[in-house]
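Have the model open as you read.

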Amino acid sequence: MLNKFLQNLTDITYPTIDQIKNEKWDIEGRLLGSNQIFKFDVRPVDIKDNKLEKVGYLKTKADKIVFETERDWVIFDAKEINKYIETHKLKDILLEDLLKNTDWNIVLPKK
């Protein structure tokens with residue numbers, strides 16, 4: 001998954017082993033056409049019955065969380081997702097709900 005997502009980034013930096021262990025992010029870079037550098041959590045996520053399953057992402061120090069669908073990369077703000085989950089006391093999250101109920105999200109078609 002990470003290797004496929006790299007096509008969307010420039011100015012790439014990889015985390016140290018300590019950062020991977022303690023900060024839980026996978027790659028840092030600039031989205032194509034953007035001027036800001038972000039840390040991304042790109043760990044695999046399962047989508048079953050349109051419900052997202054991703055273990056441990058509430059503890060990430062990443063700026064953005066990336067979900068891979070069949071056709072797209074869907075990127076959300078990590079703090080916004082965490083606040084949404086905590087506020088609504090959710091265990092299961094629908095991708096469609098996140099898209100409707102978050103202010104910061106980007107859908108990038110796969111190349």
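Which residues of helix 3 (residues 78-88) are buried?

## Ground rules

This is a predicted model, so to speak of local features we need pLDDT of at least 70, and side-chain atom pairs count only at pLDDT 80 or more, while totals for chains, interfaces and linings use all residues. Residues are numbered from 1 along each chain as its sequence is written, and side-chain values use heavy atoms, with hydrogens and water left out.

## Helix 3

The buried ones are Ala 78, Glu 80, Ile 81, Asn 82, Tyr 84 and Ile 85. Buried here is under 20% relative accessible area, with a 1.4 Å probe and protein chains only. Helices are DSSP runs of H or I, at least four residues, and strands are runs of E, at least two, numbered from the N terminus. The cover over those buried residues includes strand 6 (64-68), strand 7 (72-77), strand 8 (93-94) and helix 4 (95-101).

At the helix start, a side-chain oxygen of Asp 77 comes within 3.3 Å of the backbone nitrogen of Lys 79. After the helix comes Lys 89, with a positive phi near 50°.

Six strands make an open sheet, ordered 1-2-3-6-7-9 with mixed pairing. Strand 1 (9-13) and strand 9 (105-109) are at the edges with a single partner strand each, so one side of each has no neighbour in the sheet. Pairing takes at least two DSSP bridges between two strands.

Strands 6 and 7 run antiparallel, joined by five bridges, and Lys 64 sits opposite Asp 77 in strand 7. Helix 3 packs on the sheet, touching strand 6 and strand 7, and its direction makes about 75° with that of strand 7. Contact means heavy atoms within 4.5 Å; axes are lines fitted to C-alpha atoms, for helices over the stretch in contact, with angles from 0 to 180 degrees between N-to-C directions.

Definitions and conventions:
Buried < 20%, exposed > 50% of the residue type's maximum accessible area, 1.4 Å probe, protein only. Polar contact = N/O pair within 3.5 Å; in protein donor to acceptor, adjacent residues only side chain to side chain.
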